[in-house]
Amino acid sequence: MALRPDLLPALLAGAAAGAGLLLLVVAIRGLPRRAAAGPPAGGRLPPALGFLSRRGWKAAIAALLALVITRWPIAAVGAALLTMTWHGLLGGAAEERLAIARIEALASWTESVRDTIAGAVGLEQAIPSSLRAAGQVMQDPLRLLVDRLRTRMPLPSALERFADELDDPVADLVVAALILNARVRGPGLREVLTALSRSAREELDMRRRVIAQRRSTRRSVQIVIGVTLVMVALLVLFNREYVEPYAAPEGQLVLVVVLAMFAAGFTWLKRLSGFDVPGRFLFGGTVDARAGGGR
């Protein structure tokens, strides 16, 4: 199935248009936000280059395959955009499982700290003791917290960095209660931790129900996309005359409308299966800067 010479300019123009649309999507959506840190470690790519290296080459391969199979520039653009947005549209299952495990470990750790301070033990001693009973997903942040306490870092500052490393709004509630107690040293911490652990368990149950619903919706959308792509590929390969009108400029415009309708439908399904997670309110860098300015 060799390409005709007169189609080469059209294919190049389609590839250039796809690259332009790809950059436009990245500019509008932005790159994933990351916590402020020091300079990149040796051999590690910056976030922008890492983003392009992970998804850019996959989008380029998908666009090239779409061009070879269909010879439609718009199909190549659609394949590249679908590849770039696949994770945000239909992925995220691993992140959801990690968030569930983090909340469950946080609830157990909160209960462990509460039970430890019941024996008239301060937070500085209760937090290192709770490391043995903490879940696997909290081991690394907790070890860093214990190391900071051993280096004589103030407990409120160490807890603020601990909250940044957990990066979860539920963790912010627990850490904020610990920070207030570390500064004021008032009574009632056990009751507060009990209420927070109960709230974390309720949040855990709610997220599990939502994730179960999202799993079925995600599977349905994946089946629809897979069947559609297979049907298009089969028609192009074995019934070229049926899809020949799409090769004309007018057919490409119609294909744009069709792809836009598919994109709107998938985005709508994504919103239906999602849930709003409250934003974080405790940021160590902001608190440290504000505290330093008042000294």
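Me: Where does R152 lie?
Reply: In this predicted model, R152 is placed in the loop between α6 and α7.

Me: Is R152 buried or exposed there?
Reply: R152 is exposed, and its relative accessible area is 76%.

Me: What about the phi of R152?
Reply: R152 is not a glycine, yet its phi is positive, at about 70°. For context, most residues other than glycine have a negative phi.

Me: Which residue just after α7 takes a positive phi?
Reply: That residue is D167, where phi is about 55°. R71 also has a positive phi, of about 65°, although R71 is not a glycine. R71 is found in the loop between α2 (47-70) and α3 (73-90).

Me: Let us step back. How many helices and strands does the chain have?
Reply: The secondary structure amounts to twelve helices and zero strands. Along the sequence the pattern therefore reads α-α-α-α-α-α-α-α-α-α-α-α.

Me: And what share of the chain is buried?
Reply: Of the 295 residues in the chain, 34% are buried.

Me: Back to α6 and α7. At what angle do their axes cross?
Reply: The axes of α6 and α7 cross at roughly 165° and come within 10 Å. Angles over 145 degrees count as roughly antiparallel, so α6 and α7 are roughly antiparallel to each other.

Me: Left-handed or right-handed?
Reply: The crossing in which α6 passes α7 is right-handed.

Me: Which residue's side chain does R148 join by a polar contact?
Reply: The side chain of R148 is joined to that of E165 by a polar contact of 2.5 Å. R148 itself belongs to helix α6 (residues 139-150).

Me: Why does R148 count as buried?
Reply: The relative accessibility of R148 is 15%, and buried means under 20% relative accessible area, so R148 counts as buried.

Me: Which residues are buried in α7?
Reply: The buried residues in α7 are L155, P156, A158, L159, E160, F162, A163 and L166. As background, an α-helix has 3.6 residues a turn, so residues three or four places apart point the same way.

Me: How far is the C-alpha atom of S157 from that of I179?
Reply: Those C-alpha atoms are separated by 8.5 Å, while S157 and I179 are 22 residues apart along the chain.

Me: Another pair, then. How do the axes of α4 and α9 cross?
Reply: Helix α4 (residues 93-117) and helix α9 (residues 189-238) have axes that come within 9 Å and cross at roughly 165°. It follows that α4 and α9 are therefore roughly antiparallel to each other. The crossing of α4 past α9 is left-handed.

Me: What classes of residue make up the contact of α4 with α9?
Reply: The contact of α4 with α9 holds twelve nonpolar, eleven charged and four polar residues.

Key. Residues are numbered from 1 along each chain as its sequence is written. This is a predicted model: local features need pLDDT of at least 70, side-chain atom pairs count only at pLDDT 80 or more; totals for chains, interfaces and linings use all residues. Side-chain values use heavy atoms; hydrogens and water are left out. Axes are lines fitted to C-alpha atoms, for helices over the stretch in contact, and angles run from 0 to 180 degrees between N-to-C directions. Helices (H or I, at least four residues) and strands (E, at least two) are DSSP runs, numbered from the N terminus. Angles under 35 degrees count as roughly parallel, over 145 as roughly antiparallel, 65 to 115 as roughly perpendicular and the rest as oblique. A crossing is left-handed if the near helix is turned anticlockwise from the far one by less than a right angle, and right-handed if clockwise. Ala, Val, Leu, Ile, Met, Phe, Trp, Tyr, Cys and Pro count as nonpolar, Asp, Glu, Lys and Arg as charged, and the others, Gly among them, as polar. Buried means under 20% relative accessible area, exposed over 50%, partly exposed in between (1.4 Å probe, protein chains only). A polar contact is a pair of N or O atoms within 3.5 Å; within protein, one must be able to donate a hydrogen and the other to accept it, and residues adjacent in sequence count only if both atoms are side-chain atoms.
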